[in-house]
Structures are given as structure tokens and as C-alpha cells.
Amino acid sequence: MARLTLSILKIYIVFTKNSSWGTRMSLSEEFIKAIVDLDEAKAVELARKRLETEDPVNVLDDLRKAAEVIGEKYEKGEFFIADLVMAGEILKTVSDMAREKLRALGKAREVIGKFLIGTVEGDIHDIGKNIVITMAEAAGFEVIDLGVDIPPQKFVEAIKQHNPDIVGMSGLLTLAIESMKRTVDSIKEAGLRDKVKIIIGGGRVDQYACEYIGADAWTNDASQGVKIMLSWVKEKKG
Amino acid sequence: MVPVKEPIDEWIERHEKEPDVVAKEKADRFLKAVELKAPDRVPVAGVGGDFLCTYTGITWHDLSYNLDKIPPAVSKFLHDFPSDWGIVFAPMMLEGFIFALAFADFPDFANLIRFLTGPVHDILKDKWSQWPGREIPETYHPQFRGGEFMNPDEYKKLIENPVEFVHNTILPRACPGLGKPGSSQWNGAWIRVGITLQRILEFLISMGGITAKAGVPSFPMTNAYTPADVIGDFLRHPTGAMLDMRRYPDDFKAACEALIDPILKISTSVPPIPPATFFFIPLHLNEMLSPKMYNEFYWPYLKKVITSLVDKGYKGFIFFEGDHSPHVDTILELPKGWGIAWFERPKNFLKVWEKLKGHTTVMGGVSPALIAGGTPEKIEEYIKDLLNQIKPEGGFILSLGVNELPKDTPPANVRAYINAVLKYGIY
């Protein structure tokens with residue numbers, strides 16, 4: 001009897017060890033898991049496999065789901081910046097593959113909103129900005145990345161040119177707070193303040209800075225920021 | 001109405017009347033805290049940043065390039081906002097440890113070339129930094145840009161001979177002012193750097209004399225670095241370093257191991273002189289790593305640097321950038337009394353203190369945002385409450401998380417910060 005139990009246990013272990021057998025994961029679930037596990041090689045391989053047969057939109061939808069889980073893990077303190085950087089790389093690689101396929105098929109993914117972002121004048125930090133960009137793209141935003149050290153006037157010109165729903169300003173240095181304020185002031189002077197929502201982000205922004213700058217929201221957490229942005233576009237669409 | 005004399009006013013007067021006595025008191029206070037004991041009062045660390053510029057009318061450009069303008073501004077600032085500890089770094093403004101690595105075999109100047117200065121940047125035209133009045137406005141703090149100057153497939157060369165690789169391969173890529181190694185431009189540029197460093201050294205010695213006369217003690221200092229931060233700050237950019245840890249873990253670890261010896265060579269070029277010679281290390285990637293990655297790629301090599309130097313008789317002085325809370329327990333692996341841990345913004349400062357008290361000298365506790373945006377009353381209340389929870393245990397130095405205050409900080413708030421420690425810091 002004991003022997004039988006043991007062998008059943010062994011079979012059980014074999015099944016649970018290979019998760020795709022044990023839980024009978026679909027390809028989609030396996031793909032999301034590979035991204036969340038930050039297994040770059042596996043995620044890219046599965047994406048390639050799926051894009052051979054599936055609608056690229058499905059793959060992009062799964063990227064959004066994976067990004068949500070990653071964001072939650074960061075909020076819970078299970079993931080750190082280094083994990084988000086790796087996740088960002090995977091999301092970007094796969095997203096580029098899927099978009100290329102979409103273009104080849106003559107299709108486009110539905111865009112939920114337009115998001116313009118840049119690191120403000122005098123600051124060149126871009127790790128946080130780049131994480132926000134991959135998270136926002138995964139969520140379905142069209143993102144216009146202005147880059148780093150962006151003067152207020154460039155933000156204004158880009159708003160006129162691209163007509164975004166949301167403007168994001170990123171910065172880590174103390175002086176970035178001043179630059180953000182100058183940028184918001186320039187947007188106001190150009191008469192564009194009512195046309196856009198403004199969110200600021202970075203290691204040193206807080207509610208105090210947000211009020212001083214005149215932004216609509218602030219965040220230190222990319223996925224939290226994307227959640228705020230999603231609520232804005234939802235509100236806008238009514 | 002006669003203005004009320006606050007403890008800070010009395011302290012300023014004592015600085016004027018008996019600077020030698022005040023300096024000795026400060027040195028004793030600081031050393032007691034380093035020995036984990038309770039001094040007469042909690043030592044308070046000084047402030048600086050853009051606030052120093054607005055208060056004294058000096059610009060970052062002056063602090064970087066116009067050496068003759070530095071002493072009057074710094075003297076005024078130190079007079080009006082006295083503290084127990086503060087470093088006047090100007091004109092040594094930015095990280096330049098990579099240059100010390102390139103010359104790790106030259107103990108006579110490896111430590112001097114360790115910080116980047118504006119005048120040396122003008123010669124090297126390095127891409128790691130941007131300077132006020134050069135690439136950025138005169139009123140901006142010099143900026144460290146970093147960058148990617150090494151490909152992942154070059155780890156092997158870095159591991160084989162870090163000093164040679166940095167000198168022969170990285171410097172020519174990152175410093176267009178140098179030209180090709182061995183060329184006339186290369187040799188001429190280094191001669192110019194030597195002449196410039198001599199001028200800066202003379203300035204620092206004379207500045208030390210001026211501050212000593214104003215009641216500011218000084219301790220000999222040397223420098224070290226975390227191997228993983230050498231890779232992130234100067235070779236692969238932090239993003240590249242974080243990706244490499246996952247993509248090329250063995251190469252990354254072997255490179256960290258190979259960097260330890262040259263780092264220690266630089267540190268030990270200044271001998272450990274009693275009562276204390278500190279080695280300063282600012283940490284950069286720490287906050288961004290999960291405990292798993294920190295314990296695999298960062299801490300083992302940093303720990304080796306720290307313990308090697310502590311064994312040789314140095315004391316550590318480490319700036320833990322960002323929120324170091326997830327990794328605080330590892331500090332307990334170091335020998336008791338190893339040195340000072342300065343925390344920028346741990347989620348819960350008191351928790352960190354509770355963990356480390358009696359083992360590590362803890363520095364920090366006050367958010368620059370409170371001093372910049374609070375009121376004198378709020379600042380006093382906060383510091384009173386914090387000190388009540390920390391005392392009577394010794395081994396504590398009250399400081400801002402990072403000693404840089406924004407330009408619009410009200411001077412009354414800075415006075416309130418110092419005053420509160422003088423009032424409530426007595427053991």
C-alpha cells in the first residue's frame with residue numbers, strides 16, 4: 001500500500017513539476033506566465049510560435065494582461081525596478097514582433113488613448129520613463145516619447161502636433177520639480193491646459209509637488225500611473 | 001522687540017569666539033557616535049545643494065570652476081548654518097571613480113582623480129558628465145549622465161584585466177578629449193589633467209585651513225566603490241547592468257570579483273590614520289534590485305570590499321541611496337562598529353534604526369522635503385519626536401536623507417532643523 005501511494009505521489013510530482021501538464025495551461029497562459037517569470041527566451045519563443053498562427057491582437061492583449069500582473073507584483077513589493085526593466089524589455093520585444101505582423105496583415109490595434117511623455121528639462125533620467133512607456137503601450141496607449149531633457153516649449157509644440165489625451169512628465173532630480181512647473185505654466189500660456197490631463201512621475205514627486213506644479217496626478221509607480229491614465233480615458237469617453 | 005536668542009545663535013557665537021574648542025567638541029561627538037556610544041549630544045549633519053547657491057549668491061558654475069569664489073560663499077554658509085559634520089566637496093562634484101580605476105596602480109593620485117571636476121571635464125570632454133556653463137546652464141548642478149560604453153561581449157576583457165581595459169578601451173570611447181592612447185593629444189591631455197589636479201589639491205588644502213579656523217574638524221577620507229555600480233554607472237548604464245545580471249549572470253559576477261582588487265588598491269592608497277580614516281561608498285543600484293538579485297550580484301562583492309577595508313583599520317561611510325529597507329538585514333553580517341550607514345529614504349526610518357542600533361552607526365532621519373516645504377514649528381516637532389524615540393541609545397547622527405536642499409528652502413527652516421537638534425539632542 002505504502003509503495004502504491006509513493007508511486008502515485010511520484011506521478012503527481014512529475015505532473016506538477018511540468019506546469020503545462022499539471023495545470024493544463026493554454027498557450028496563452030503559458031505565454032503570460034513566461035513573461036511574468038521574466039523568462040525572456042521562452043516568452044519570445046512562444047510569441048514567435050503564436051504569431052505564426054494567431055491574430056497578433058491576441059498576443060498584444062496577453063501583453064496587457066502580463067503587464068497588469070507585473071504591475072501588481074511591483075505594488076506588492078514582490079518586484080523591484082530591475083524586474084520591471086527586464087519585463088519592459090520582454091514586453092517591448094514581443095510588442096514590436098506583434099505590431100510588425102499586424103502591419104504585414106494591413107491591420108492596426110485599437111488605440112485607447114494618446115500619451116505624450118518626456119523627461120523634463122535639466123534631467124536625463126530615463127529608467128522610470130521607459131518603464132511607464134512599455135506599461136502604457138501594453139495597456140493599449142499610443143505613446144509619443146519625446147526623450148530626455150525636454151524644454152517646456154518642446155512639450156507645447158508636441159501637444160499641438162500630436163494632440164494627446166494625456167501628458168506625462170518624468171524626472172528624478174530636485175530641479176525636475178521646477179522644470180515640471182515651468183512646463184505646466186507653458187502649457188497653460190499656450191491655452192492647451194484644458195485639452196490634456198497631466199501626470200507627473202519620479203522618485204521624488206509627491207502630493208505637495210503635484211499641487212505646486214499644477215498637475216492632475218502624481219505617481220512613483222508605473223502601473224499605478226497607467227491605472228490613473230486608464231480611468232481618465234474612460235471618463236473622457238463617458 | 002529684542003529677538004529671542006536660540007541655541008543656534010549661541011552656537012554660532014561660540015564658533016566665532018572659540019573655534020578650536022568647538023571643532024574638538026564636534027570631532028569627539030562624531031567619533032563617539034561612530035564608536036556606537038552616546039556623545040554629549042546627537043551630532044547634526046550639514047546641508048547644501050541649490051539652497052547654498054541661493055543663500056550665498058554663488059552659482060554652480062562658480063562652485064565648479066571659479067575656485068576663488070568658493071571660500072567666501074562656503075565660509076558664510078558654514079557660519080550661518082553650523083553643523084557637526086559636513087563635506088565641502090566643491091569643486092569635486094561628480095562621480096569619477098572610473099578614472100581612479102584607470103590609474104589604480106598610481107596610489108599618489110588615484111584618490112585625487114576619483115571625483116570629476118569641471119576643469120578636468122573640459123580637458124577630457126568626458127561623456128559621463130555635463131557641467132554648468134558648458135553643456136547646461138550656469139545655475140544647474142553638475143549632472144552625471146552615465147551611459148553605455150561597453151558591449152556585453154566585452155565582459156571577458158574586463159574580467160581579464162579591469163585596469164587595462166578601462167584605461168585602453170573605455171577612456172578613449174568616453175573621453176573624446178583624449179584622442180587615441182599614446183597620441184600627442186592623449187599625453188598632452190593627461191599632463192594638463194595633472195597640472196589641473198595639482199591646482200585643485202592646493203585649493204582643497206587651503207580650503208581645509210579656512211574651514212578648520214571656522215570650527216570645522218576634518219577626518220582623513222579615502223574612497224571605494226561597489227563593483228556592480230562601476231558596471232552600472234560607467235560601463236553599461238544601470239539599465240544594461242540590470243539586464244546583464246539576468247542575461248550574462250556568470251560574466252557579471254566574474255567582473256565584480258575582478259574589480260575588487262583594483263578598488264581596494266585605490267582605497268588603501270590613503271593609509272588608515274587613527275582615530276579614524278573613513279572610506280566613502282555611495283550605492284546606486286541597491287534600491288533597484290530584488291533581495292535575490294542584491295544578494296547574488298551586489299552584496300557579496302560590496303561586503304568583500306567593506307570587510308577587507310575594516311580589517312585593515314578603516315571605518316566605512318556608506319550612502320544607501322533610495323529605499324534600502326529590503327536589504328537592511330545584510331548589514332548585520334558586517335562586524336559590529338564597522339562604520340556609518342547613511343540612509344536616503346527608507347520606508348520606515350525607525351524600523352531601520354531598531355534593526356541596526358548597537359551594531360552600526362545610523363545616519364539620516366529627516367526628509368529634505370520637510371525642510372524645504374515644512375514650517376519651523378513642524379520641523380521642530382518632527383525632530384523632537386524622532387530624537388525621543390532614538391535616545392538614549394548612541395550611535396546616531398541626525399541628517400537629511402540627502403544633504404541637498406532645493407533653492408527656495410526658507411533659511412528659517414534650516415535654522416529650525418539645526419536648532420531642534422541642539423535643543424532635543426542632548427543625551
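Helix 11 of chain A is followed by A:Gly238, whose phi is positive, near 70°; helices (H or I, at least four residues) and strands (E, at least two) are DSSP runs, numbered from the N terminus. The model is predicted: local features need pLDDT of at least 70, side-chain atom pairs count only at pLDDT 80 or more, and totals for chains, interfaces and linings use all residues. Residues are numbered from 1 along each chain as its sequence is written, while chains are lettered from A and ligands numbered from 1 in the order in which they are written.

**Helix 11 of chain A**
- Buried residues (20 or more other C-beta atoms within 10 Å of their own, with C-beta atoms placed from the backbone) are A:Ala222, A:Ser223, A:Gly225, A:Val226 and A:Met229.
- These residues cover an arc of only 150° around the axis (by the directions from the helix axis to the C-beta atoms), which puts them on the same side of helix 11.
- The face turned away from the buried side carries A:Ser231, A:Lys234 and A:Glu235, which are exposed (12 or fewer such atoms).

**Contact between chains A and B**
- In contact (C-beta atoms, placed from the backbone, within 7 Å) are 15 residues of chain A and 20 residues of chain B.
- Helix 6 (residues 81-104) of chain A gives the largest share of the chain A side, 6 residues.

**Annotated span of chain B**
- An unreviewed UniProt entry annotates residues 236-423 of chain B as "domain: Uroporphyrinogen decarboxylase (URO-D)"; such annotations may be inferred rather than shown by experiment.
- The span is 49% helix and 14% strand, with its end C-alpha atoms 48 Å apart.

Conventions: Contact = placed C-beta atoms within 7 Å.
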